[in-house]
Amino acid sequence: MPQALLQVKNVKKYFPVARGLLFATSGWVKAVDDVSLTVEENETLGLVGESGCGKTTLAKLILLLEDPMAGEVLFRGRNLQELSRGEMRQYRSAVQAVFQDPHSALNPRMRIGEIIGEPLAVNHRLPKKAIQERVAEVMEQVGLDPAYARLYPHEFSGGQRQRIAAARALASNSKAIVLDEPAASLDVSIRGQIINLFKDLQEKLGLSYLLITHDLAVSRHLSHRVAVMYLGKIVELAAADPLYAEPLHPYTKALLSAALPSHPDETREEIDISGEVPSPLDPPSGCRFRTRCPFAIERCAEVEPPLKEVAPGREVACHLYP
């Protein structure tokens, strides 16, 4: 059985809440609470859910911008916490990110060529000529004229800036890219072009993506598998086509019910969820979705449903499924 490229095993990340004059810890925000995921070679795993569910925190754990309180993040079977300094540099080259806002992600005082080539200078310490050659190569891969390397970010449109961000992620021959809402800040007319760009790059270069998004249409277009996250927990995990065709978890059903259909003739089960998302500082007992779930039963308040396989490649955390 081939080894997964990226693995997240039983990861937890809580943030302390300090109150009072002495700023004593009065509780913990359970942003990511015992989450396990895998991203295979050449695969896109979509991670979807409402704002505040823990998607971005999980991405930060993978990108080493946060440290887990418990659990492991592994790259090709190696725990990131056990890597040497040299191996850590290699990991940072292999796993890159493209963020939501390409304007704030690009240093306005640096030329495009310097921005794209920065990972090569920092992590690989290549000579200037080799960096320039690689910058020209990846600019062509993302559909930009290499002559633009001497320009500054403000001279480009939003879609072009996202192409620049993609070129920077590719420069160090990355194997996996975390896409954090990569099209959310773009005009609708440009959004499809950028999504298709990432799809083409995956096919040509064999990339793996972890796609963080609340846009179900983007996830449906790019993802091979989809993980649905609610209040720090994964509640459903399945291949994209069966999940969109027949969602199992009530929360997944509600998300798809609220989204625009992909075709005017498409019919969906209407699921109405009421109330606000509970605070991750004090999540409900048992199933965290039970306070908003129209199908909740007594057991939902007493026992937390584990994420379990209910069909080959299909997992759901819900007491409605044996």
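The paragraphs below follow the aromatic rings of this predicted model.

The structure holds six aromatic pairs. A pair of aromatic rings is described by the distance of the centres and the angle of the planes. For Phe75 and Tyr91, the ring centres are 5.3 Å apart and the planes meet at 75°; because an angle over 60 degrees counts as edge-to-face, this pair is assigned to that class. Tyr91, with a relative accessible area of 3%, is buried.

Another aromatic pair is formed by Phe198 and Tyr209, which is edge-to-face, with 6.0 Å from centre to centre and 80° between the planes. This pair, too, links distant parts of the chain: Phe198 belongs to helix α7 (residues 188-205), whereas Tyr209 lies in strand β8 (residues 208-213), 11 residues apart. Phe198 is buried, its relative accessibility being 1%. Tyr209 has a relative accessibility of 0% and so counts as buried.

Aromatic contacts also involve three residues together: ring pairs link Tyr230, Tyr251 and Phe289 into a cluster. A contact of another kind concerns Phe295, whose ring has the charged end of Lys253 sitting over it, 5.8 Å from the ring centre.

Notes: Residues numbered from 1 in each chain as written. Predicted model: local features only at pLDDT ≥ 70, side-chain atom pairs only at ≥ 80, totals over all residues. Heavy atoms only, no water. Phe/Tyr/Trp six-rings, centres within 6.5 Å; stacked < 30°, edge-to-face > 60°. Buried < 20%, exposed > 50% of the residue type's maximum accessible area, 1.4 Å probe, protein only. Helix = DSSP H or I, 4+ residues; strand = E, 2+ residues; numbered from the N terminus. Lys NZ or Arg CZ within 6 Å of the ring centre and 35° of its normal.
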